[in-house]
Amino acid sequence: MTRNLMLLYWNMGKTQFRTAPDNTKVAFVFITIGALFITVLFSFAIGGMAVSLPLHFFEPIIPYVFSALLAFTILFGVPQVFKNLYGTNDLAFLFTLPIKTKSIYWVKFLQSFLGVPGILWVVSIVLIMVFGMASQASLIFYPVAIIVSLLIMLLGLSVAYLINLMLIQIIPVHRAKELMTAMSAIAGIIVYILFQLPNLLHQNNRDNQMVTELPQMPKWLPMEWGGRSLMEAHSGSSGFILPFILLLLFTGLLIFLSSLLVEKGFRTGWIKMNDGSRSKKKRKRKKVNVQLNHPIIAIGIKEWRAIQRDMREWVTFLPFLIFMIFPFITIFNNDGSKEFIFSNPAISWIVLQGIFLFMFTFMTSGFSSSAIAREAYSIHLLRIMPLTGWQIALGKFWINWLIPVVILSVLEVVGGLIFQWKLFDIFLGIIVVSIMSLGITGIGLWIGSIGAKYNPNNPQNRLETGVSFLLMILSFLYLFIAAFPSLLVLIPTDTLNLFQDGEKPIGIVGMLFTMLKWKAANMAILTVISGLITLLISVGVAIFTLYLTVIRINKGLTINFVTNKK
């Protein structure tokens, strides 16, 4: 029966793709091109490193690479698993058929794997193959690498399933719609622990380590088993067998544990999510003073009210704040790192600006892409209101840009007080990241107008799957293109002191080094030029994407409402 279900879903998938609208197919093409571009870019980088660097250099890095794969699988897998387990319309029909619940569960498990985990697995295979060929690995390395990367993906997916299946039993019925809030928080904490566990376990054993060295991954972690298997197989040694078997058994154990929760977590959880909402008490309406504002300001205020009263809107910031705040805990727990960071304000400033730039790019894009779907059932009001497309687009644009910038400003001030930055540096960081947020806010707003979706059981999922991947690819490309001139503005010329005793760097770092030397001699000119280029890119992208958004608004915005028939 499981095989027949898989065949059925395969045929349904092909039919859905053939009958999909043109914008979905175009989004799929862009996603494929973007994924190929990123894969080729990383392949060249990894191949060059594998040829020029000794093998022992990669030994401590590979477990961290597996940790990153595991983290991405958990973060992106949790909402995808939630959708497949509780948010699809086919379950109401499947549960009425004489099919075992576990058969449905395993098909859903495979369906979840073919999403983000499957894409990450294919990309990781390509990169591992490039590394193996460039470093002249043994033949046994290639099948071991394929299976180990698959086990890491399955491990992350099983964790995502366990989070869903366990929390659905804990959350009360009247709070079931807020399940994604709790799962997002827990997934973010688990991912943070994955990266910080080596630091926490080795914080008392770093007196002889340099600050820039990676701490050794504990040997009882599955990521270390995977890394050890690859390194042993690379040389053709049979020592890969033991860590390989340990990883296989541990992954199988987690998959088995998730399957034990099928009846209570899957079927009962689906019933809980679809048993209807409780009646709410009517509240007395209070008289409010209405003040008329300019349409652009009024649209922004309306957007702010919708964000302000929904706690789930603010929870979307939680994973980003976890990634930005928790590293401070690690720094303060280590005397060497603390002394280095506090004695070099320029280094702490540039490191945090890079973190802010990366985090706020993706936070702002995800936040602004929800602007259209946030209208939900009131989307028809935008069509009948006497407003132009530019007024609606600009009204949503300024508030979705301002909220992250306010959060950024608070973090910049806090960072400046802790690390004793100059007042000018604090303002410069706020200005540069705020300017770059203009372009990514426009990209998010435009993408939201293409593939808006509203699911009452999962209100945080406000983009179609294909379009959300397109947003991720465009965010990477925008950050890559717009960040380079910003680096010249953000990186202090004091950074040159790090290279004065060593050899001159080569490649992109060498080009950046040369430009920093020219910047030191022509500080004002290069700063102005770099700032103007960043401004032109950000404002140009913002205006262009706003223009595309206005075209979509004038044609008529549509939201795909996910209906759960009862």
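The model you are looking at is predicted, so local features need pLDDT of at least 70 and side-chain atom pairs count only at pLDDT 80 or more, while totals for chains, interfaces and linings use all residues. Residues are numbered from 1 along each chain as its sequence is written, and side-chain values use heavy atoms, with hydrogens and water left out.

Let's look at how H10 sits. Buried here means under 20% relative accessible area and exposed over 50%, with a 1.4 Å probe and protein chains only. Pro243, Phe244, Leu247, Thr251, Leu254, Ile255, Ser258 and Ser259 are buried in H10. Seen down the helix axis, these buried residues fall within an arc of 150° (taken from the directions from the axis to the C-beta atoms), so they line one face of H10. The face turned away from that side carries the exposed Leu242, Leu249 and Leu260.

Now move along to serine 538, in helix H22 (residues 523–555). Serine 538 is buried, with a relative accessible area of 0%. Apart from neighbours within four places in sequence, serine 538 is in contact (heavy atoms within 4.5 Å) with Ile435, Met436, Leu438, Gly439 and Tyr478. Leucine 438 lies 100 residues away along the chain from serine 538, yet their C-alpha atoms are separated by 5.8 Å.

Methods: Helix = DSSP H or I, 4+ residues; strand = E, 2+ residues; numbered from the N terminus.
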